[in-house]
Amino acid sequence: MGVIYSDYSRARIGWFFGLSGWQLATVALSFLPVAWAMQQTAWTSVALFTLLWAFIVLVTVTPVRGRSATGWILASLSFAVGGLAGWTRFRSKASTGEADSLEEPDLPGVLHGVRIHDGPPRGAMSTRTAIIQDHRCRTWALTASVIHPGIGLAELDQRERLGAGLGELLDLSARTELIDAVVFLVRTVPEDGAERDQWIARHRRATGPQASRQVNDELQANLTRASVRTEAFVTFVVPEGRLAREAKESGGGLDGRARVLYSLADELEAQLRGGMGMTSVAWLTSPELALACRTGFAPGDRAGIIDALAGRDTGTNPNTTAEATATSQSNPATNPGINADVPWAMAGPSGADPAVRHYSHDAWNSISSTVKLPVRGAAMGALAPALTPAAPGERRSFMVCYPILTPSVANRQSATSEWAADIGDELRHRAKVKKRAKASDESEKVRRLDAKLARGNSLTRPYAVVTVTVPKTARVSAFGRDLDASVRRAGFAPLRLDLAQDVAFAASTVPLGVSLTRRAD
């Protein structure tokens, strides 16, 4: 039996019968007219003010699908105003013929402020790692493409070591006092068969048996429809306020920031390869990151890009005959005339329109849901059904973000939560209200948190978002229900991110370090 991870608690615990400070203040202030009417013995006014007070309490306290009614009203108004004013509608400059520079990213929504810089050469191959700067949130980030053998066949002790390796990675990130968040992103993409087509074109002989050719073609057609590819990325994010101080000691400017980010990347890479068992960690260059961004918005474009890469590297057209391919292999060359790179001006969608319950981008629709942690805990690998496509042609993406709190903030939050738990227990005791098992478990977890922080552990507020992407010819609502069913089958509870589908898609599909919790500057 696997280890069950359940030692987590709510970020905030209401100290007055579960109510937070602003909720308690709203309820108390709205009760003042009722008290005033009672003092004046105006019983008709008492009845009217009581009805009004009950409505305010209902709107303030009762959560509806993760938000209060006040939150829903504000979000709905913002979404409606943005739609009527045309602020949420996106059309790329390249699609309208207004692109001035191909190196300038043109991305929708929360990605609009992202800029990509080529860092200084590093390593034996002198690669120039892409440095992601987000002007909107004033952050810097690096993204790596990683390969992990998986844990499907791992033994119990190996899974425990991998879980401990993740905890050590977060503790290491907290000890740097620079890294603000670590983001893991996995995409299961329908297999397009591009690499196999190239392999067949290179190795198939024109004089081969017709029966063998037919068998291979049928196997390729059937296996391609039933196969998926897995792409995994790791991104760490550093705020400008923390990075500027260290960068000044390293020379300042972009080069100084790049040196600090490179040193952090080396520290994390050692832990990713060691404690977490990654077999490959490759920090992406600007063309590679643009390719990952483009295939995030349009999964169907990958096959054409792979063919272009093959044509550029071999100097031939990937759709040529086997005889021509064999000739090119005997005299390998490159064809610089083939542009296989994706310019940043075209790395995003040509058009995007957020709806209330889904996100529309180019010829695709996407639905995103957040994953709520179960009270009874979860085993490592339990979310595998959420990443398994339910039908051919759909792409699923899963993102887990670990925002890391600084030690001072963590200690202050631990003390506040422990004080709130003590006050809540005392109020229940004085009011002779029976303490429920759920409240008791929350209080115990909060009190254990202080001991863990004292031993040097870090504090994080993880959250996860899962997204399904399908062509516009398919009913996206049906695939959204299948996604929610997969999350429930894994033992978790899905929560559709209505009115925020564009932000959820960018965070869970495009590896640029977008966060749902970080506020814009």
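This is a predicted model: local features need pLDDT of at least 70, side-chain atom pairs count only at pLDDT 80 or more; totals for chains, interfaces and linings use all residues.
Leaving out residues up to four places away in sequence, Q271 is in contact with G165, E168, L169, L172 and M276. Is Q271 buried or exposed? With a relative accessibility of 14%, Q271 counts as buried, since the cut-off for buried is under 20%.

## The protein as a whole

Here is the wider setting. The protein is built from 16 helices and 17 strands. Its C-alpha trace spans about 100 × 50 × 50 Å along the principal axes. Of the 521 residues in the protein, 42% are buried. Among contacts with a separation of 6 or more, 76% come from residues 24 or more positions apart.

## Salt bridges

How many salt bridges does a search of the whole structure find? The search finds 13 salt bridges.

| D266 | R122 | 2.7 Å |

Let's begin with D266 and R122, whose side chains meet in a salt bridge. D266, at 42% relative accessibility, is partly exposed, whereas R122 is buried, with a relative accessible area of 17%.

Are D180 and R242 buried or exposed? Both D180 and R242 are buried.

D484 has 11% relative accessibility and counts as buried. R496 is buried as well, at 10% relative accessibility.

Salt bridges can also join up: R187, R229 and E231 are linked in a network of them.

## Two helix pairs

Two packed helices are described by the angle between their axes and the distance between the axes. With that in mind, have a look at α7 and α8. Their axes come within 9 Å and cross at roughly 105 degrees, which means α7 is roughly perpendicular to α8. On the α7 side, the contact is made by E240, L243, A244, E246 and A247, and on the α8 side by G256, R257, V260 and L261. Sorted by class, this contact has 5 nonpolar, 1 polar and 3 charged residues.

Now compare helix α13 (residues 407–430) and helix α14 (residues 437–454), whose axes come within 9 Å and cross at roughly 150 degrees. The crossing of α13 and α14 is left-handed. Which residues of α13 and α14 meet? From α13 there are A410, N411, S414, S417, E418, A421, D422, D425 and R428, and from α14 there are A439, S443, V446, R447, L449, D450 and L453. By class, the residues of the contact of α13 with α14 divide into 6 nonpolar, 4 polar and 6 charged.

## Two arginines to look up

R175 lies in helix α4. With a relative accessible area of 56%, R175 is exposed. Although R175 and P407 are 232 residues apart along the chain, their C-alpha atoms are separated by 8.9 Å.

R488 is found in helix α15. Which residues does R488 touch, not counting residues up to four places away in sequence? R488 touches R481 and P494. R488 and L111, by contrast, are 377 residues apart in sequence and 30 Å apart in space, C-alpha to C-alpha.

Note on methods. Residues are numbered from 1 along each chain as its sequence is written. Side-chain values use heavy atoms; hydrogens and water are left out. A salt bridge is a side-chain nitrogen of Lys or Arg within 4 Å of a carboxyl oxygen of Asp or Glu. Buried means under 20% relative accessible area, exposed over 50%, partly exposed in between (1.4 Å probe, protein chains only). Axes are lines fitted to C-alpha atoms, for helices over the stretch in contact, and angles run from 0 to 180 degrees between N-to-C directions. Helices (H or I, at least four residues) and strands (E, at least two) are DSSP runs, numbered from the N terminus. Angles under 35 degrees count as roughly parallel, over 145 as roughly antiparallel, 65 to 115 as roughly perpendicular and the rest as oblique. Contact means heavy atoms within 4.5 Å. Ala, Val, Leu, Ile, Met, Phe, Trp, Tyr, Cys and Pro count as nonpolar, Asp, Glu, Lys and Arg as charged, and the others, Gly among them, as polar. A crossing is left-handed if the near helix is turned anticlockwise from the far one by less than a right angle, and right-handed if clockwise.
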